[in-house]
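Let's take a friendly walk through this structure, from its sheet to its helices. Please have the viewer open as you read.

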Amino acid sequence: MLRKILFICIVIVGVLLVVVFGAIGGGLAGFFNSSLPQRTNVLLLGSDAEVGIARADAIMIVSVHGGTGAIDLVSVPRDTYVVMPAERLAILRENGRNTAAASGVMRLNEVTHHAGPVFGPTFAALQVEELLGIDIHYYVHINLSAFRYIVDQIGGIEFNVPQRMFYSDPYQDLLIDLQPGLQHLDGAAAEGLVRYRSGYADGDLGRARTQQQFMMAAFGQILARDNIMANPLTYLNVFINYVDTNMGVLDMPRYLGLLGRLDIGAINTHTLMGTGTRIGGRFFYIVDEGDITRLRDEVFYALYEVERDENSFGLDIEILNGTDIEGLAARTRQMLTDEGYTVVGIGNYGGQREAHTRIMVRQAGTGQDLTSFFAGSRVVVDETIGADILIILGTDYGIQ
């Protein structure tokens, strides 16, 4: 999970670079206005070593709606339990890849390692298809080094560092030393920001919030047309040296129009819910079958559409327990999930407590329907929060 948000930035750049340079190189202008499929699902794999060799540090799906251009990002935990079928294990053995267990049991991020550079991304895509029951149309595999390189080449990313960050690990040759406040981050500092994990009052939720905020800031600057046009060789170098994809030259130009329609603030993020457990002494993440069904219905097959300015359905909600009642955030998550809401994370609140529940929203006009569940609750607009909605349970925890 360490570099998850970092790789969101990296791999989306990879997808769009494939599109841009495929279009330029192919000279297929007639495809610019071609209609897109109703849904295109792209598997994004990120690693900090040679493509197809290392375990994938980040795994997610970019699902693009062909009609509206809306983009959904679905993060799949790297430790997700999967079983590689016997026929694919046989293919690996026939090609001298004997590292996979005979049972086929492995973590999802290990598929690229076991399958190697020839079969890795393809086999990973097949595993995700089987896990979620969807079609993966393309894959994009990109190296971590691309991120630091491109941030440096465009002159850095402007970002408001939320707090003092210091961490030193000589074994990883890693030094994170950032002061709070608005500043220009070079590639090394940007990587340090998203890798920093300690010192947040609310633990992993604070880290995730910082990563998500940085992701949006990076999107706006890395994907700016001016940056792309001013640094064509930089982007071309990333495409040639760091990206591996099965997207064909005839497919690429169709998605070029997304650059003009991409609304960074409208990207919807999702994470597969589940539980951790140990099997045979190893840690695995077991995804929740109900959450898989929800994602298929709400994202991949779009059985219904949600108006964002009318209610909170389909928005990502985080819940923090601001009371002394143990397990309250988990029970609240269950209550809202049963009502059809999307709760992506829970935790304990480490800030100043208040009597009434606070419903913090990134976008004005959302969250009002949630007040019906919490007596005395109020909605507060805060564009800096990570999720679409952050619910901080009040000490009186009044439920309507």
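## The open sheet

Six strands form an open sheet with mixed pairing, in the order E11-E6-E1-E2-E3-E12. Strands E11 (243–245) and E12 (268–271) stand at the edges with a single partner strand each, so one side of each has no neighbour in the sheet. On average, neighbouring strands are turned by 20 degrees against each other, direction ignored. Keep in mind that this is a predicted model.

Strand E6 (residues 138–143) and E11 run antiparallel and are joined by 3 bridges. Here His 141 stands opposite Asp 244 in E11.

## A helix on the sheet

Helix H3 (residues 111–132) packs on the sheet, where it touches strand E1 (39–47), strand E2 (58–65), E6 and E11. The direction of H3 makes about 140 degrees with that of E1.

## The buried side of H4

Which residues of helix H4 (residues 145–153) are buried? They are Ala 146, Phe 147, Ile 150 and Val 151. These residues lie on the same side of H4 because they cover an arc of only 125 degrees around the axis. An α-helix has 3.6 residues a turn, so residues three or four places apart point the same way.

After H4 comes Gly 155, with a positive phi near 95 degrees.

## Arg 294 in H10

Helix H10 (residues 289–300) holds Arg 294. Is Arg 294 buried or exposed? With a relative accessibility of 14%, Arg 294 counts as buried, because the cut-off is under 20%.

The side chains of Arg 294 and Asp 291 are joined by a polar contact of 2.8 Å. Leaving aside residues up to four places away in sequence, Arg 294 touches His 270, Val 299 and Thr 342.

Notes. Residues numbered from 1 in each chain as written. Predicted model: local features only at pLDDT ≥ 70, side-chain atom pairs only at ≥ 80, totals over all residues. Heavy atoms only, no water. Buried < 20%, exposed > 50% of the residue type's maximum accessible area, 1.4 Å probe, protein only. Helix = DSSP H or I, 4+ residues; strand = E, 2+ residues; numbered from the N terminus. Arc of directions from axis to C-beta. Pairing = 2+ DSSP bridges. Axes fitted to C-alpha atoms, helices over the stretch in contact; angles between N-to-C directions. Contact = heavy atoms within 4.5 Å. Polar contact = N/O pair within 3.5 Å; in protein donor to acceptor, adjacent residues only side chain to side chain.
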